[in-house]
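User: I would like to learn how to read helix packing in a model, step by step. Could we start with the handedness of a crossing?

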Amino acid sequence: MAVTRSARTAALALAKERPEIGRVRASRELRSRGIQVSPSGVHSIWKRNGLATTYQRLVLRARSADAKASALSDTQHALLKRRKISRRALGHPRRQNLIEVAARVFNAKGYDAASLREIGQAAGILAGSMYHHFRSKEDLFATVHAEGFRQMNAVVDRALEGVAEPWKRLEAAIAAHLAELVRHTDVPGVTSASLFHPAPPALERRLNRERNAYEDRFRELIAALPLPADVDRSLMRLTLLGAMNWTRLWYRPGRKTPAQIAHHLVHKVLRQRLG
């Protein structure tokens, strides 16, 4: 779906108005105002204008010429301070190693049983040094979870390059998703396993932001399909995502490949009945 000029203007205004919210909440807010733009559409607009991160949006508001309108609230000031600290740590060479080690420990023990001390020992650093990179175990887990979706989005982006026909795009996205899922690597493993192990409420809300943004990709892919009017596209999306994510539990190498599974799902299960 093409992004209209009014949607771009509204998304940029909202970035300044409420810099602390993410693309999913921003999309919901814009839709409540009658402006139809998906979370991925919001993110695309923000990214093209250098506003993809919360830090960038907070800086925009803080630097606005209209000081009265752009004054940061106490909450936003605190968030900007934390983001500055996190931003300094982003480029540290040890950060990515910590994410990978933490993913391995979380996969082995689960969120509740894993400890920062254990993760620090596995990474070869003191537990206290973890706080240079992450504010808490919750923050570390959410970061690992987000990195899993970053990797998943990257493989789906590559799979969709140059593919125009709607059914082929859906098949390509499913195949890429499944291939990443069944590799059984640690970081995407945390992302997929978290679906089956509810986290504490505050953490679950953070995880849902990433899930919802990724799910919007499939909402848009399914919206483009030529389907009969009586097909419930939301139900189709939820059923498909459930089937895809459950694959990690039963998949065995040497049988059908992820590409073959995706082809069967699209052409034998979906298209023959709906297309």
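Analyst: A crossing is called left-handed if the near helix is turned anticlockwise from the far one by less than a right angle, and right-handed if it is turned clockwise. In this predicted model, local features need pLDDT of at least 70, side-chain atom pairs count only at pLDDT 80 or more, and totals for chains, interfaces and linings use all residues. Residues are numbered from 1 along each chain as its sequence is written, and side-chain values use heavy atoms, with hydrogens and water left out.

User: In which hand does H9 pass H10, and at roughly what angle do their axes cross?

Analyst: Two packed helices are described by the angle between their axes and the distance between the axes. Axes are lines fitted to C-alpha atoms, for helices over the stretch in contact, with angles from 0 to 180 degrees between N-to-C directions; helices (H or I, at least four residues) and strands (E, at least two) are DSSP runs numbered from the N terminus. Here H9 (residues 137-160) and H10 (residues 166-181) have axes that come within 9 Å and cross at roughly 140°, and the crossing is right-handed. Contact, meaning heavy atoms within 4.5 Å, involves residues including Met-152, Val-155 and Val-156 of H9 and Ala-172, Ala-173 and Ala-176 of H10.

User: How do the residues of that contact divide by class?

Analyst: Ala, Val, Leu, Ile, Met, Phe, Trp, Tyr, Cys and Pro count as nonpolar, Asp, Glu, Lys and Arg as charged, and the others, Gly among them, as polar. The contact of H9 with H10 has nine nonpolar, two polar and two charged residues.

User: How are H2 and H12 oriented to each other?

Analyst: Angles under 35 degrees count as roughly parallel, over 145 as roughly antiparallel, 65 to 115 as roughly perpendicular and the rest as oblique. The axes of H2 (residues 23-32) and H12 (residues 201-223) cross at roughly 65° and come within 8 Å, which means that H2 is roughly perpendicular to H12. Arg-23, Val-24 and Arg-28 of H2 meet Arg-209, Glu-210, Asn-212 and Ala-213 of H12, a set with two nonpolar, one polar and four charged residues.

User: Is Arg-237 buried or exposed?

Analyst: Buried means under 20% relative accessible area, exposed over 50%, and partly exposed in between (1.4 Å probe, protein chains only). Arg-237, in helix H13 (residues 233-250), counts as buried because its relative accessible area is 7%. Not counting residues up to four places away in sequence, Arg-237 touches Glu-215, Phe-218, Arg-219 and Ile-222.

User: How many helices and strands does the protein chain have?

Analyst: The protein chain has 14 helices and zero strands, and 43% of its 275 residues count as buried.
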